[in-house]
Amino acid sequence: MANVLEWFESLAGPALYAGAGVIALGEAIVGVGFFLPGEAVLIIGSATVSSVPEFLMLWAVVTVCALAGNVIGFELGRRLGPALRETKLVRRHGAEGWDKAAALLLKHGRWAVFVGRLIPLVRSFVPSVAGAAHMSYRDFLPPVAVGAACSTALPLLVGVGVAAALKNSSNLVLVIVGLLLAVVAVVVIRKRRLQRQDRA
């Protein structure tokens with residue numbers, strides 16, 4: 001992972017967008033994501049952008065690439081089925097993540113695809129588990145697309161906030177408080193929605 005970060009930090013301009021996209025793609029594929037520092041790359045990448053259009057371009061690239069990686073994982077699940085869980089790579093590095101994704105999907109259905117995309121240790125498994133469960137693309141694509149957009153936005157915003165705080169140390173406390181409030185709000189909203197679904 002250290003080598004990946006060193007390579008990424010050496011990139012600039014379009015190469016940086018492409019590198020971030022490649023990492024986002026790989027991190028979203030079951031098995032490959034075990035070895036890639038996705039969040040760290042997004043934080044570093046967003047800290048280097050200097051304008052809103054550059055930020056939006058980076059966000060668009062990593063979101064599309066993350067979604068493509070999820071579709072690849074979904075197809076692997078559809079083609080290999082539960083046997084994918086028993087491969088040496090998954091059993092050694094991600095059996096717990098697979099089981100958590102399966103439990104989440106069983107309990108919450110298509111809503112779990114969105115929620116699972118937000119959980120770092122589960123996100124690369126949810127598409128494959130959904131594919132192995134024979135979920136349709138109609139049920140899979142909308143929540144995973146929204147989940148990819150949200151899960152890439154958070155570390156990008158953290159990177160922008162850290163860069164801004166470093167430029168103006170007087171804003172550091174405000175940035176940290178704002179980020180903490182955003183995280184708490186996401187957790188509370190997600191928990192309430194899951195509770196409403198359980199009651200339903």
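Student: Which residues does Gly-116 touch, not counting residues up to four places away in sequence?

Tutor: In this predicted model, Gly-116 touches Leu-104, Val-122, Arg-123 and Val-126. Contact here means heavy atoms within 4.5 Å. Gly-116 is found in helix H7, residues 111–117.

Student: Why does Gly-116 count as buried?

Tutor: Its relative accessibility is 0%. Buried means under 20%. Gly-116 therefore counts as buried.

Student: What separates the C-alpha atoms of Gly-116 and Lys-100?

Tutor: A distance of 9.2 Å. The two are 16 residues apart along the chain.

Student: Now Thr-152. Where does Thr-152 lie, and what makes Thr-152 buried or exposed?

Tutor: Thr-152 lies in helix H9, residues 137–167. Its relative accessible area is 4%. The cut-off for buried is under 20%, so Thr-152 is buried.

Student: What makes the pairing of the Thr-152 and Thr-63 side chains a polar contact?

Tutor: Their separation is 3.0 Å. A polar contact needs a pair of N or O atoms within 3.5 Å, one able to donate a hydrogen and the other to accept it. The Thr-152 side chain also reaches the backbone oxygen of Ala-148, at 2.8 Å.

Student: Which residues is Thr-152 in contact with, leaving aside neighbours within four places in sequence?

Tutor: Leu-42, Trp-59, Val-62, Thr-63 and Ala-66.

Student: How do you know that the span of helix H2 agrees with its 14 residues?

Tutor: Helix H2 covers residues 14–27. The expected span is 1.5 Å times one less than the number of residues. For H2 that gives 20 Å, and the end C-alpha atoms are 20 Å apart, so the two agree.

Student: Which residues of H2 are buried?

Tutor: Among them are Leu-16, Ala-20, Ile-23 and Glu-27. Tyr-17, Gly-19 and Ala-24 are buried as well.

Student: How many helices and strands does the chain have?

Tutor: Ten helices and zero strands. Of its 200 residues, 41% count as buried. Among contacts between residues at least 6 apart in sequence, 75% join residues at least 24 apart.

How values were computed:
Residues numbered from 1 in each chain as written. Predicted model: local features only at pLDDT ≥ 70, side-chain atom pairs only at ≥ 80, totals over all residues. Heavy atoms only, no water. Helix = DSSP H or I, 4+ residues; strand = E, 2+ residues; numbered from the N terminus. Buried < 20%, exposed > 50% of the residue type's maximum accessible area, 1.4 Å probe, protein only.
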